[in-house]
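Colleague: I'd like to go through the aromatic contacts in this one. Can you put it up?

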Amino acid sequence: MNTSPLSFVRTLALSCALSCTLLSNPVAAQSTASDASAISVVASVVAPAMFISEGGEYLVKGVEASGKGSVYVLEKIGTGVRGSVTVSANASGAASVGVGASIKATATSAGMLLVSAGQVLAIIPNELGKALMKSRKIS
Amino acid sequence: MHKKFLLAAAASFCLLLPTVGHAGQGCEQKPPTENMVAKGIALAVKTVGQLDASGADVVVIGRVGQDLGKYKQHYSHIGFAYKDKGSWTIVHKLNECGTAVSNIYEQGMGQFFLDDPFRFETAIAVPTPEVQQRLRAVLTDPQKVLAEHTPSYNMLSYAWSTKYQQSNQWVLETLAMAQEPAIRNREQAQAWLKFKGYEPTVLNLGPMTRLGGRMFKANIAFDDHPNEKRFSDRIETIGADSVFAFLEQSGMQATRIVVNL
C-alpha cells in the first residue's frame, strides 16, 4: 500500500505526542524520591553569636567538602565578620552555590532559610523545624 | 504533503528525545525556591495545628502533588500520619526517582509539603477511635508497618494484583491488615478490600498512551492488568480520592478536614 509508510509515520508521531503528554504529567503519579529530602538541612553552624539568627546578607568566601557535607565559609556583608555552616549532603534538586555567590538568611517559623538567587540552599532548623524536616527510610 | 508529515514526525521525536533520555534515571527536581519552601512550611505548620485541634493521633493524609484534573482526580498521594510525644510523623511509600523500586519513609510534616506540590492543600481523613487504635499498633511496629510493602513499584499498578505496588495501594492494604488481624499477606488484604466494597479508580488510557508509558518510563507497567481490561483501555488503579471515598463509605472515617493556605 502506498499510504502505509505515511500511515506508520503518522501513527508514530501520534504515539510520541500522546506519550509526551502522559509522561510530562504522569497520571496518578504518587511521589518520587532520591533521598526523599526536598531540602538540605544545616548540620552545624560555627560563627559568632547572632551571625545567622539576626538575618542579613553574606558572601560565600569558600566551599569545602567534609565528612558531614559541604562547609560554606560566609562573610557578612557590611561587617566583614565570618562564620561557617555545614550543609548535609545535598538533597535531590537542592541549590548549590560557589565562591563569590551572595546568600541571604531569612526567618521562617521552622528556622532560618539560606537563600541564593531565590533558591533555597538549606534550612537551619529550630526545634519546630527539626520535627518538620525529619526524614528516614525504614524499609 | 509527505514532507509536512515527515517534518511533523521529526518534530515529535525531537520533543520525545529528552524524555527518553531520562527514562530510568534520576528525577528532574528543581531546586526549591524561597517562595515554595515558605509556603510548604506554612502549610505544614497550619496542618499540624489542625491535627492537634482534632484530637486525633492517627490519620490518613493526602496532598495535591500534581494537577490530575484531566483524569478527574484531585489528590495525588496519601500516607498515614501519627502523633508521638507531641510530634507528627508521616509514614508513606515513595518511588525512588525514575526506577521501579519503592521504599517506606518516615518524614516530618514539612518534608511532605516541600515536594513542589501543584496546590498547597491537604485533606485529612480522621478515622474513628477504634480504627486509629488498630492503625497505631501497625504503624509503630517495625515489622508490621512493612508487612504489606512490596518494593516493586508501578505508578499505575492494578488494584487486584500483587506483582507491583504503588504508594496509595500500600496505604490501602496496610489499612486492611490493621483492621483485620487475620490478614497475613497482600492477597488477603485485597480480598478484604473487595469484600468491604472498595472501588478502584478507573482510568481510560488508550494503546498509544500505554505504549508510551511502558516504553519510556521505568516506573510504569501494564503487565499486571488483566488483558480484557487493558485492551479495552480500562486501567484500574488506586487513586488517592478512591481511598478517601472508601474510608467514608465504609464507616471508618469519623471526620474529614481540608487545610488550605
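Colleague: Phe80(B) and Trp170(B), buried or exposed?
Modeller: Both Phe80(B) and Trp170(B) are buried, meaning under 20% relative accessible area with a 1.4 Å probe, protein chains only. This is a predicted model, where local features need pLDDT of at least 70, side-chain atom pairs count only at pLDDT 80 or more, and totals for chains, interfaces and linings use all residues. Side-chain values use heavy atoms, without hydrogens and water.

Colleague: How many aromatic pairs over all chains?
Modeller: Six, taking rings of Phe, Tyr and Trp (its six-membered ring) with centres within 6.5 Å; planes under 30 degrees apart are stacked, over 60 edge-to-face, the rest tilted.

Colleague: Why is Phe80(B) with Trp170(B) edge-to-face?
Modeller: Because the planes are at 75°, with the centres 5.6 Å apart. Phe80(B) is in strand S2 (residues 77–84) and Trp170(B) in helix H5 (residues 167–179), so the pair links parts of chain B 90 residues apart. Helices (H or I, at least four residues) and strands (E, at least two) are DSSP runs, numbered from the N terminus.

Colleague: And what about Phe112(B) and Phe113(B)?
Modeller: Edge-to-face, with planes at 75° and centres 5.2 Å apart. Phe112(B) is buried at 1% relative accessible area, and Phe113(B) is buried at 2%.

Colleague: Switching to charges, what lies over the face of Phe112(B)?
Modeller: Arg63(B), 4.5 Å from the ring centre. The rule takes NZ of Lys or CZ of Arg within 6 Å of the ring centre and within 35 degrees of the ring normal. Lys194(B) has its charged end over the ring of Trp160(B), 5.0 Å from the centre.

Colleague: Which residues cluster with Trp160(B)?
Modeller: Tyr198(B) and Phe246(B) form one aromatic cluster with Trp160(B).

How values were computed:
Residues numbered from 1 in each chain as written. Chains lettered and ligands numbered in written order. Buried < 20%, exposed > 50% of the residue type's maximum accessible area, 1.4 Å probe, protein only.
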